[in-house]
Amino acid sequence: MLAEPAPSDNPDNQLARVAAAIAEPARARMLCCLMDGHARTSTELSVVAEVSPSTASAHLARLKDQQLVTLVCQGKHRYYRLASSDVATALEALLVIAGMPRSPFVPPTPSKLRHARTCYDHIAGALGVALGDRILAHGWLLPQAADDGSYTLSTRGEQVFEGLGIDVAAARQLRRRFACACLDWSERKPHIGGALGAALLQLSLRRGWVRQDLDSRALSTTPLGQRELPTVFDLREPAHG
């Protein structure tokens with residue numbers, strides 16, 4: 001949600017501060033760039049905003065202070081994304097008034113790796129993101145109340161994954177997070193990591209849905225996977241790679 005005013009603050013003063021944060025052209029370009037749902041580094045956003053990296057960092061700090069963007073740390077990398085759908089909705093309305101089109105995000109990742117690859121021990125790339133999107137859309141995984149990127153299985157989700165042959169109880173007993181959002185390197189959207197993500201990869205390899213390259217992290221969707229993945233997960237994209 002957008003920043004909530006402090007108890008002693010006047011709502012119209014808070015509105016003015018949020019509006020001022022959006023109104024600066026470089027910050028506006030950053031926000032518009034993030035509206036596609038992808039996360040980006042401060043360096044990438046500095047290019048979009050046409051400012052130096054140090055200036056971009058200052059702008060992003062201002063946007064973060066007003067709760068317009070959030071910072072996501074993934075290993076050594078730091079990414080920024082819109083703080084919520086409320087922010088995106090507000091920006092969308094302003095874009096309608098301004099009559100400004102948005103350019104699509106085009107990742108620089110090689111197409112083979114972008115389709116599907118391993119991220120440590122789980123599925124990443126467009127396939128991993130698509131799987132995660134459908135699993136969440138079905139309500140099989142639910143965000144934890146702590147809002148720390150962790151997921152919990154719903155009753156239906158547990159039934160589905162057990163039915164597919166995943167030992168959910170064993171995955172829960174491992175000394176690692178059970179299921180969590182892992183920001184995807186190429187798609188800049190989350191795929192499913194943790195013990196459940198690893199179990200999904202092993203399931204996909206075991207069922208012959210994907211095949212792993214011998215000399216890279218790339219995964220290829222097999223003809224069997226192209227037939228069965230859309231049926232099992234109601235997967236809309238991607239169907240091949």
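In this predicted model, the largest cavity holds about 60 Å³ of space. The structure has one cavity of 30 Å³ or more. Helix H7 has the largest share, with three residues. Sorted by class, the lining of the largest cavity contains four nonpolar and four polar residues, and no charged ones.

Strand S8 covers residues 190-193 and is joined by four bridges to strand S7, residues 180-183. The two strands run antiparallel. Within this pairing, Cys180 has Gly193 of S8 as its bridge partner. Six residues lie between the strands of this hairpin, and Arg188 takes a positive phi near 60° there.

The strand S7 also takes part in the largest pocket, where it supplies at least two residues of the lining. About 910 Å³ of space lies in this pocket. Its lining is made up of 27 residues, and those nearest the centre of the pocket are Arg81, Leu82, Asp147, Ala181 and Pro190. Besides S7, the elements that each supply at least two lining residues are strand S1 (69-74), strand S2 (77-82), helix H5 (85-98) and helix H7. By class, the lining of the largest pocket has 12 nonpolar, nine polar and six charged residues.

Strands S1 and S2, which both contribute to the pocket lining, are themselves paired. Six bridges join them, and they run antiparallel. Two positions show how the residues face each other: Thr70 stands opposite Arg81 in S2, and Cys73 stands opposite Arg78 in S2. Arg81 is also one of the residues that lie nearest the centre of the largest pocket. The hairpin of S1 and S2 has two residues between the strands, and Gly75 takes a positive phi near 65° in this hairpin.

Helix H1 spans residues 11-23 and helix H2 spans residues 25-33. Their axes come within 6 Å and cross at roughly 85°. Angles of 65 to 115 degrees count as roughly perpendicular, so H1 and H2 are roughly perpendicular to each other. On the H1 side, the contact is made by Ala20, Ala21, Ile22 and Ala23. On the H2 side, Pro25, Arg27, Ala28 and Leu31 take part. The residues of this contact divide into seven nonpolar, no polar and one charged.

Definitions and conventions
Residues are numbered from 1 along each chain as its sequence is written. This is a predicted model: local features need pLDDT of at least 70, side-chain atom pairs count only at pLDDT 80 or more; totals for chains, interfaces and linings use all residues. Side-chain values use heavy atoms; hydrogens and water are left out. On a 1 Å grid over the protein atoms alone, a cavity is a set of points where a 1.4 Å probe fits but cannot get out, and a pocket is an open set with protein on both sides within 12 Å along at least five of seven lines; lining residues have an atom within 4 Å of a point. Grid points are joined across faces, edges and corners, and a volume is the space filled by probe spheres set on the points. Ala, Val, Leu, Ile, Met, Phe, Trp, Tyr, Cys and Pro count as nonpolar, Asp, Glu, Lys and Arg as charged, and the others, Gly among them, as polar. Two strands pair if DSSP finds at least two bridges between them. Axes are lines fitted to C-alpha atoms, for helices over the stretch in contact, and angles run from 0 to 180 degrees between N-to-C directions. Angles under 35 degrees count as roughly parallel, over 145 as roughly antiparallel, 65 to 115 as roughly perpendicular and the rest as oblique. Contact means heavy atoms within 4.5 Å.
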